[in-house]
Amino acid sequence: MAKHLINIINPFLDKKGGLMPALHAVQDHLGFISKDNIRELAIAFNCSQAEVIDVITFYDDFRLKAIGKNIIKICQAEACQSQNCKELLHNLTSHFGLNINETSNDLNITLKEVFCLGNCAIGPSVMINDMVIGEATTEKVVNQLKVINAEE
Ligand code: FES
């Protein structure tokens, strides 16, 4: 087992129900839970890989793939639909060359579809990480992403 992984899951190994907090810890540290992680967790918790996968797939919080450093959420709920959010989604997926739930190869962005960001009055709405953009356009989203990347 990779030394790094054992350090992450060590506090949970002797605890009843320790697999769940161990999975959270792995994801917090590594960004997602890899196939290797699943194999190693099964060994560490003395269960089958299928049991580990059952827990992962039961809860929406767990990810089996890397996720982008920046999460771009595009609202597709009713109020934004009347403000051309479908066209915006099409334009953004074309611009980035990604489908919804895909992550760029450089792991910079992940595109997500969401249903209401609580910003209905000035839609279409997009959220980049924790920042909501009203009356969103492709240009506004791309510019905000440039600002975020420049700050890092
Ligand atoms: S419907 Fe899009 S923010 Fe509410």
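**View 1. Pro 124 sits in the loop between strand 2 and strand 3.** Helices (H or I, at least four residues) and strands (E, at least two) are DSSP runs, numbered from the N terminus. The peptide bond that leads from Gly 123 into Pro 124 is cis, with omega near 0°. Cys 116 lies in the loop between strand 2 and strand 3 too, and has a positive phi of about 85° although it isn't a glycine. Most residues other than glycine have a negative phi, and most peptide bonds are trans. With 14 other C-beta atoms within 10 Å, Cys 116 counts as partly exposed; the cut-offs are 20 or more such atoms for buried, 12 or fewer for exposed and anything in between for partly exposed, with C-beta atoms placed from the backbone.

A quick note for every view: this is a predicted model, so local features need pLDDT of at least 70 and side-chain atom pairs count only at pLDDT 80 or more, while totals for chains, interfaces and linings use all residues. Residues are numbered from 1 along each chain as its sequence is written.

**View 2. Asn 101 is found in the loop between helix 6 and strand 2.** Here's another residue that is not a glycine but has a positive phi, this one of about 75°. Asn 101 is exposed, with 11 other C-beta atoms within 10 Å.

**View 3. The largest nonpolar core holds 15 residues.** A nonpolar core here means a set of buried Ala, Val, Leu, Ile, Met, Phe, Trp, Tyr and Cys residues joined through C-beta atoms within 7 Å. Ile 72, Ile 74, Cys 75, Leu 92, Leu 111 and Val 126 have the most contacts inside this core. Two or more residues each come from strand 1 (70-75), helix 6 (85-96), strand 2 (109-114) and strand 3 (126-128). Pick out Val 126 and, leaving aside neighbours within four places in sequence, you'll find it in contact with Ile 72, Lys 73, Ile 74, Cys 75, Ile 133, Ala 136 and Val 141; contact means C-beta atoms, placed from the backbone, within 7 Å. Apart from this core lies another, of 12 residues, including Ile 33, Ile 38, Val 52 and Ile 56.

**View 4. Helix 6 and helix 7 (residues 138-151) pack at an angle of about 45°, axes 10 Å apart.** Axes are lines fitted to C-alpha atoms, for helices over the stretch in contact, and angles run from 0 to 180 degrees between N-to-C directions. That makes the pair oblique, since angles under 35 degrees count as roughly parallel, over 145 as roughly antiparallel, 65 to 115 as roughly perpendicular and the rest as oblique. On the helix 6 side, Leu 88, Asn 91, Leu 92 and His 95 meet Thr 138, Val 141 and Val 142 of helix 7.

**View 5. Helix 2 (residues 19-30) and helix 4 (residues 49-58) cross at roughly 70°.** Their axes come within 11 Å, and the two helices are therefore roughly perpendicular to each other. Leu 19, Met 20 and Leu 23 from helix 2 meet Val 52, Val 55 and Ile 56 from helix 4.

**View 6. Ala 22 is a buried residue in helix 2.** Its C-beta has 25 others within 10 Å. Not counting residues up to four places away in sequence, Ala 22 touches Ile 9, Phe 12 and Leu 41. Ala 22 and Phe 45 are 23 residues apart in sequence and 9.7 Å apart in space, C-alpha to C-alpha.

Note on methods. Two residues are in contact if their C-beta atoms, placed from the backbone, lie within 7 Å.
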